[in-house]
Amino acid sequence: MLVAGVDVGNATTEVALARLVPGREPEHLSVTRGPTTGGKGTAESAQGVLDLIERASRRLGEYPVRILLADLHPVQTDLQELAANETQDLGGVGIARPVSATPSGVGAAAGQLVDLADLVGDVLPHSVIPIVPVIDFDDAAAQINAARERGWQIVAIIVTGDDGVLIGNRVDRSLPIVDEVHDAATLPRGAWAAVEVAAQGATVVQLADPLRLAVLLSLDPARARGARNAARALVGHRAGIAVRREATGGGSARSAARQATLHSGAVVSIDVDSPPPAIGDVATIEDLDLPLLDAFWTRLPAAEDSTALALQLMQRRAVGLAVLAKRGDRALEEALAVQTTAEVIVVAAETAAAVAGASTTPGAGHAPIVIDIGGGTVDLHVVLDGETRAVAAAGAGVLVDHLCGALLGIDALRAERAKQLPSVHVETPFILRHEDGSRTFLSTPAPPQTIAHLCVTERRGGSLDPLTASLAPEVWSRLRRTAKREVIATNLRRAIDAIGGLPRGELVVLVGGCAEDAEVVDEVTLALADLDLAIARGDVLGRHGPRAAVAVGLVLLHARGA
Amino acid sequence: MTPPAVMLACDQPATMRAVAAAFEEEGVPLMIIPATGYREAATRSQLGIGIACIDGRIALGLSTGPDIPYLIGDDARMIGHYAARLAARRPLGLA
């Protein structure tokens, strides 16, 4: 009898085909894998299952008579940037933003915004900052020099195109000039503005200090405190512009975080500064009508290397949330039953199947402790002294994808690759710098769009996926590892706490897609170091690595029960 | 003693002005030399980067690797911008 053990995960679906003959060990024939279609356990996820069974069966020339499923509970994972909905009153500063890759000059100055063309008119009795449209740099410089000779007090220049240095070299090399201000046409003429350019390698000081910014923009002391949000927006940048507006205020309308109600009746905010509760403690979450088994949240990893980056990440107020819910229907089972002639059977819980699959790892024997780290959950299954304890913690690989995606500003698919693969910095067309500082010398040049970019690199093919995030590979590597630690290692700790601890010195087998990631294994090992455990990666059937433990385990459990 | 520079092999004034402007903006040294093409110019550059006009277009070449332009285009200011950023190890700004 041909059977298909099927593990529908939150990210990946795996199918293990095996032939069962009564009285004999199952003959394991194949394992196939593909992305989960639709949500885990939904009717849509049946399509992915059937495609994989079809693909595997075609090779064998035979269709399974039974489809073996685990009792599934789906996980919803999301990341919200609460600051995106916040209104930050810039406190009398209408515009505050960084500009320019190649500014000219050094220093900070304030003046009234005027058009370059205005400089042919009557000289104003105060300092001005002309805005240069897209014109030839020689013409622009000539007009500015002529205006200076006529008595205009030009204290800084804003240039629409990429001509800041060219104009500075023809006017005054010390004058702060910011360029590549592509929307300069929208800046309010007549408004009082400040421009600052820091020396090479330095960052703005005056505009990043609320009091100095307020002085530059002639804000009264009462409004100086309100300039803090504007000043914060410019921290860590080499050049910036701030424009005054006639308004008071300076407060922030902090966007409300979602509320979670615990079984104890306590209400907690799902926010960056509130720790996640213990497994099973959350009863309900605002705007979420699901029977919850667990909820977990975490913030973006802290950047310890750079104050500016740390501040930028903190200001986003990003919270990743994973929710494990009890499935209220049998949509997948029903969809499979309608679309196939095979009998559909729910064999066991996922954790029990994972244990059975993990036990096929050569040398493992009967694995007493199995940790299944998948896309949606970290599952801990412990069998000691005849007693079985199992728990699933919401939040695993997919939540790490969300954090990585938010850090790098990329979609989930690219984020998954960025999570798994090493990165490099393309220093020159022929030199790649790796996360450990080592270098690779290429014989053919890297593509132009990768130059000076952080790139995700394929281990084998060597293809480079350039990222826009301006992070050094060693910085990104630390953030990536921290994201894995804060989701997976933290969740593992929650799971261990939920079952009352683990005995010291025992064997732990790691299975699931995330266990293929050496960094995850390192983080788990580090998180459990105090327990002196023997932590090993599963190798299901001695040939599938840590993958397919649940699919193979379902076959084994069914064979034993048959 | 002259600093290492990117070499430009071109005798068209408009192209020379546009490329030179891009280099001045980026703060990268540029030298104009008589050479037969981007490869020779690149080979003579201590930075291994050369620019030349070929068939009415502007080509950026490298001193090593395949003998084909690394970048080619019609906008001299833009190719100059790419070459200068390449020499300065800054992102070229290509999508």
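Helices (H or I, at least four residues) and strands (E, at least two) are DSSP runs, numbered from the N terminus. By that rule chain B has three helices and five strands. This is a predicted model, in which local features need pLDDT of at least 70 and side-chain atom pairs count only at pLDDT 80 or more, while totals for chains, interfaces and linings use all residues. Residues are numbered from 1 along each chain as its sequence is written, and chains are lettered from A and ligands numbered from 1 in the order in which they are written.

**Chain B**

- The order of elements along chain B is β-α-β-α-β-β-β-α.
- The radius of gyration of chain B, taken over C-alpha atoms, is 12 Å, which agrees with the value near 12 Å for a compact globule of 95 residues; the globule rule is 2.2 Å times the number of residues to the power 0.38.
- The C-alpha trace of chain B spans about 30 × 25 × 25 Å along its principal axes.
- Of its 95 residues, 46% count as buried (20 or more other C-beta atoms within 10 Å of a residue's own, with C-beta atoms placed from the backbone).

**Where chain B touches chain A**

- In all, 19 residues of chain B are in contact with 18 residues of chain A, contact being C-beta atoms, placed from the backbone, within 7 Å.
- On the chain B side, α1 (13-26) and α3 (76-88) are the elements that give two or more residues.
- The largest share of that side, four residues, comes from α1(B).

**Helix α10 of chain A**

- Helix α10(A), residues 397-408, has 12 residues and reaches 16 Å from its first C-alpha to its last, close to the 16 Å expected (1.5 Å times one less than the number of residues).
- Of the 12 residues in α10(A), 12 are buried, among them A:D401 and A:H402.
- The buried residues of α10(A) pack against β5 (75-81), β20 (318-325), α11 (412-420), β29 (464-467) and α12 (473-498) of chain A.
- After α10(A) comes A:G409, with a positive phi near 70°.

**Strand β8 of chain A**

- Strands β8 (107-115) and β13 (192-197) of chain A pair in the antiparallel sense over six bridges; pairing requires at least two DSSP bridges.
- A:G107 has A:V197 in β13(A) as its bridge partner.
- β8(A) runs parallel to β9 (127-132) of chain A, joined by four bridges, and A:V114 stands opposite A:P130 in β9(A).

Notes
Contact = placed C-beta atoms within 7 Å.
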